[in-house]
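Hi everyone, thanks for coming. I'd like to walk you through one protein chain today, so please have the picture open while I talk.

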Amino acid sequence: MPDNRPQPPSQPWSSPSGSGPADSPPLLLCGARLTDGRTVDVRLGGGRIEAVGTAGSLTADATRACVPRLDLAGYLLLPAPAEPHAHADTALSADGPGPVSQD
């Protein structure tokens, strides 16, 4: 997929109060460095990534739409940290008196 191709539209989610990521204003992250060494611009809107393009390719769109810019000047851009795993030995031990003993 080309760098500057926008993501397909999807249903944004929102919090029960009605204010959340879906209501967030657009933002352009400029000059972010990816783990593979590329420098890119990232356009965010509605709590989602709208577009990723080579450095400078999204700036004209942002200027026309008066989107706030954040210059990352080579900072490393990483995905949100997540380490999904489970502890099968203790997952169902909530009814017990405490942690499982190894004795």
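Let's begin with a word we'll need a lot: buried means under 20% relative accessible area, exposed means over 50%, and partly exposed is in between, using a 1.4 Å probe and protein chains only. Take Arg38: its relative accessibility is 35%, so Arg38 counts as partly exposed. Across the protein, buried residues make up 18% of the 103 residues.

Some ground rules. This is a predicted model, so local features need a pLDDT of at least 70 and side-chain atom pairs count only at pLDDT 80 or more, while totals for chains, interfaces and linings use all residues. Residues are numbered from 1 along each chain as its sequence is written, and side-chain values use heavy atoms, with hydrogens and water left out.

Now, how confident is the predictor? pLDDT is its confidence in each residue, from 0 to 100. The protein averages 74, and 58% of the residues score at least 70. Confidence is highest in strand 1, at 93, and lowest in helix 1 (residues 59-65), at a mean of 62. Over residues 11-18 the pLDDT is below 50, and this stretch has ten contacts in the model beyond near neighbours in sequence; contact here means heavy atoms within 4.5 Å. Where pLDDT is low, the predicted coordinates should not be read in detail.

On to the layout. Helices (H or I, at least four residues) and strands (E, at least two) are DSSP runs, numbered from the N terminus. We have one helix and four strands, and along the sequence they read β-β-β-α-β.

In what order do the four strands sit in the sheet? The order is 3-2-1-4, in an open sheet with mixed pairing. Two strands pair if DSSP finds at least two bridges between them. Strand 3 (48-54) and strand 4 (69-71) are at the edges with a single partner strand each, so one side of each has no neighbour in the sheet.

Let's go through the pairs. Strand 1 and strand 2 run antiparallel, joined by five bridges, and Leu27 is opposite Leu44 in strand 2. Their hairpin has five residues between the strands, and Gly37 there takes a positive phi near 95°. Strand 2 and strand 3 are also antiparallel, over six bridges. Here Leu44 has Ile49 of strand 3 as its bridge partner, and Val40 is opposite Thr54 in strand 3. This second hairpin has two residues between the strands, with Gly46 at a positive phi near 65°.

Why is strand 2 called largely enclosed by the rest of the structure? Because five of its seven residues are buried.

That brings us to the inside. A nonpolar core is a set of buried Ala, Val, Leu, Ile, Met, Phe, Trp, Tyr and Cys residues joined through side-chain atoms within 4.5 Å. The largest one here has six residues: Leu29, Ala32, Leu34, Val40, Val42 and Leu72. Strand 1 (27-33) and strand 2 (39-45) are the elements giving two or more residues to this core. Apart from it lies another core of five residues, including Leu28, Ala51, Leu58 and Val67.

Have a look at Val40 from that largest core. Leaving aside neighbours within four places in sequence, Val40 is in contact with Leu29, Cys30, Gly31, Ala32, Leu34, Val52, Gly53, Thr54 and Ala55.

Last topic: charges. A salt bridge is a side-chain nitrogen of Lys or Arg within 4 Å of a carboxyl oxygen of Asp or Glu, and by this rule we count two. In one, Arg38 meets Asp36, at 2.8 Å from N to O. In the other, Glu50 pairs with Arg43, with the closest N and O atoms 3.3 Å apart.

Methods. pLDDT is the predictor's confidence in each residue, from 0 to 100.
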